[in-house]
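This report describes a single protein chain for a reader who is new to structural work. Please keep the sequence and the model in view while reading.

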Amino acid sequence: MCYSRSAASWNAICSSPNAVIMVSIPLSRSALGTEGYITSDESSEAGLELDGMESTTTDHSSTRPRTPHYQLTRHTRNSAQFRESTVESRILEQLEKEAEEDQQQSFDSQFDDPNLDRDHLFDFDDESPYPEVRSAVANTDDPEMPAATLRVWIIGLVWAVILPGINQFFFFRYPSVLVGGVVAQLMTFPIGRAAARWVPRWKVFGLSLNPSPFTVKEHVLITASVGAGSAYATDIIAVQRVYYKQQYNFSYQWFVVMSTQLIGFSIGGIARRFLVTPPSMIWPSNLVNCAMFNTLHSQQYAGIGTRGGLSRERFFVYAFLGAFCWYFFPGYLFQALSYFSWVTWIRPDDAVIAQLFGYMHGMGMSVITLDWSQIAFVDILHSFPEHSSHTAEIGWAQANVFAGFLFFFWILTPILYFTNTWYATYMPILSRTSFDNEMKPYNVSRILTSEVKLDKEAYANYSPLYIPWVRTTIMHALIFFRKQILIQFRRALHEQPDIHARLMAKYPQVPEWWYLTIFLSMFALGVVSIEVWPTEMPVWAFVVALAVAFTYVIPVGMIQALTNQQVGLNVITELIIGYALPGRPIAMMMFKTWGYITMAQALTFSSDFKLGHYMKIPPRPMFCAQIVATIIAGTVQLGVQSWMFTNIEGMCTVDQKDGFICPGTEVFATASIIWGVIGPGVQFSKGATYYPLVYFFLIGAICPVALWALNKRYPNSALRYVNPVIFNGSGYIPPATAINYVPWAAVGLTFQYLIRRRYFSWWTKYNYVLSAALDAGTAMSVIVILFCLQFPMNGRIGVAVQSWWGNTVPFQGADFGVAGMGTPVRQLAEGEKFGPTSW
């Protein structure tokens, strides 16, 4: 007798004529009888030999749920006809024992995955071993369901123009409005249903205009083809125009944007076998979208449990309407509910209180907000706009982020600030701009040559650059997660697939040459853009930027897939180019964009492919939708940006009357001054004001090593839940503050820890539906308020409402300051300067 084991099933393959040939079959619910058992007729039809088997394995019935596979095992082992010991029973027992040991060893050899449901690990063959995935993702598929239909491309391309154009328009406005992918997800649902009902069933070039009822797969493809966020490289174009007085033609702009947006997709294709297929890469943010898709299309699956009460569809409607109506209060009628810095209202002119409790330029220790958009703000920053919601966070990851926030922002920062370290008290504790030694915004034009390089003599005659708050930690994830990464690399091609991977195996994968074509064409566009136009960036720097991005895709992607936290490469790329090519701000911005956004786009690609993996979308249509939508979205955004700078008066000025002050562009420009114009060699050199910050890079490298050593020494302690994302805790400040972080952590831990542990059936059925409903309801309310109450008639609608105390108090006093610049603790007299006399 001979036999072999595969990752998904057990097979005995014997050449002897007297041998029993055992053939395994996929054990899905559709193959089971009505009571969850395989009947004798069904087993014989399937070719499964069950006679004479007996097992002596441990009975786990007291601790494991009765899944169909568990019921099958119990049923067959307790039947009278299986009492007799036979050759077949010994084969089955041996195979079963070896397979379970092999699988257990496989999981034990990995890092300690806090998300894994270990208690029920071997009970779920036709379901995911992760409860988050089971509650949001269906474990069935209909391969015949239409996906890439003609109406998908028509509706998807229209929204690929509308949504990116709107978001680019409001990207330069403060306060900004982000119309996320959840809006497209909601709006395209009735449009698709209407098209299925009213469009005639004609054919155009052999393609049907109305092939079938609107399906969930069509809906997913439409939503995936909408690029909601602003292209990162558009900031390069804006900074060049506003701060460095450089304006090149549309070809340059298009080449830079397309190269930075698409080149990451090529490495994303390679990374899919490590970041998409493995069951442990759950991508929590996608689960909200899956829950919404399944709710809108009334999909029923076992993972939602058997809890009674309201249906998920009705629950979604109630929560959506509640969120939509409530946002009118903090978003329009009573904005103080959103910016609830109540301590500063008591003593509005006290600068110290403003620094501690203020929202605009302080530390936000008031910590109260009744605005869902404020609570979800941290997710919008660190997740992709179309996949963000705090209830999708894993509880242990949120705890790490919040712990990092507490230490770095509420403990370390006040100590440094109020001891006047680095002359900090002459500036607000929190600001998105940089200052000179007269506490005025730093005028970069005073230290530049005509070739946009640093003029050292002018710099010595002007002022050092002062920054009110600096992010300084580089987290070396490879040290802590190297074992996981190496194991994942070794096992990626033959790891045991879960039910979703097995269902997706029937669809043809994207050919490798598609990814190679994208890489070569976008690489060529990148080389042309830096060689034809005067960017001061050599080709070798372009190659180094891509190498940095490609190196970090897998480790950072694994962290994001597990924790929903993305570790950005903006600091490390700024550091590299700042030392390699000092005094070249344009080269610095381009290097950072290719080094950082290439990785970010690769992870966006992987995240969207994981969404398609969960929703059983064929990979090739998903790939085409991503590429086409990105090209259209980037082109539209460049057109909108060009129109705005041409037609909006005072664009990107502090006092622009409609709020188009370009806050994001200002932050981007400040970074170009710090790391590009002046450079780290000057800004952080020995003897310079900020030289001690260099040691934080060393601390950031040592801490993960120390944590890894402690985990080796105490493997079963709570330290195994301490994750390097703790260093990313304050990474989104500014613009986020404590008024975003504290409610975000409180609500997230309530749902992901307390409710999940104590009311698991409720959490399984409603958690992700609630998250999707709150996001969607708030987003729709924002749009209605903006376009119906604020934007028309130049904002003159409801003047009385806008001017009452509840809408003006957050924007007064020391926290807001003169011209919105904040109020430092130490004030300068007219003509007085602070800081060293020479630099």
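## Salt bridges

Arg347 and Asp350 form a salt bridge, with their closest N and O atoms 3.3 Å apart. The term refers to a side-chain nitrogen of Lys or Arg within 4 Å of a carboxyl oxygen of Asp or Glu. The model is a predicted one, in which local features need pLDDT of at least 70 and side-chain atom pairs count only at pLDDT 80 or more, while totals for chains, interfaces and linings use all residues. Residues are numbered from 1 along each chain as its sequence is written, and side-chain values use heavy atoms, with hydrogens and water left out.

The whole structure holds seven salt bridges. One of them joins Asp141 to Lys217, where the closest N and O atoms are 2.8 Å apart. Asp141 lies in the loop between α4 (131–136) and α5, whereas Lys217 lies in helix α7, so this pair ties together parts that are 76 residues apart in sequence. Helices are DSSP runs of H or I with at least four residues, strands are runs of E with at least two, and both are numbered from the N terminus. Lys217 counts as buried at 3% relative accessibility, while Asp141, at 21%, is partly exposed. Here buried means under 20% relative accessible area, exposed means over 50%, and partly exposed lies in between (1.4 Å probe, protein chains only). A further salt bridge links Glu438 and Lys440 at 3.4 Å, N to O; Glu438 is partly exposed at 28%, and Lys440 is partly exposed at 45%.

## Aromatic rings

A pair of aromatic rings is described by the distance of the centres and the angle of the planes. Rings of Phe, Tyr and Trp (its six-membered ring) pair if their centres lie within 6.5 Å; planes under 30 degrees apart count as stacked, over 60 as edge-to-face and the rest as tilted. By this rule there are 47 aromatic pairs. Phe320 and Phe324 are stacked because their ring centres are 6.5 Å apart and their planes stand at 15°. Both residues lie in helix α11 (residues 312–326), four residues apart, about one turn of the helix. Phe320 is buried at 18% relative accessibility, and Phe324 is partly exposed at 22%.

Tyr426 and Phe834 also make a stacked pair, because their ring centres are 4.8 Å apart and their planes are at 5°. Tyr426 lies in the loop between α17 (395–418) and α18 (456–462) and Phe834 in the segment after α33 (813–816), so the pair ties together parts 408 residues apart in sequence. Both Tyr426 and Phe834 are buried. One aromatic cluster includes Phe265, Trp513, Trp514 and Phe623.

Ile222 is placed in helix α7 (residues 216–224) and counts as buried, at 0% relative accessibility. Leaving aside residues up to four places away in sequence, Ile222 touches Val152, Ile155, Gly156, Thr188 and Phe214, where contact means heavy atoms within 4.5 Å. The C-alpha atoms of Ile222 and Met622 are separated by 9.6 Å, although these residues are 400 residues apart along the chain.

## The chain as a whole

The protein chain has 33 helices and four strands. Of its 839 residues, 56% are buried. Among contacts between residues at least 6 apart in sequence, 79% join residues at least 24 apart.
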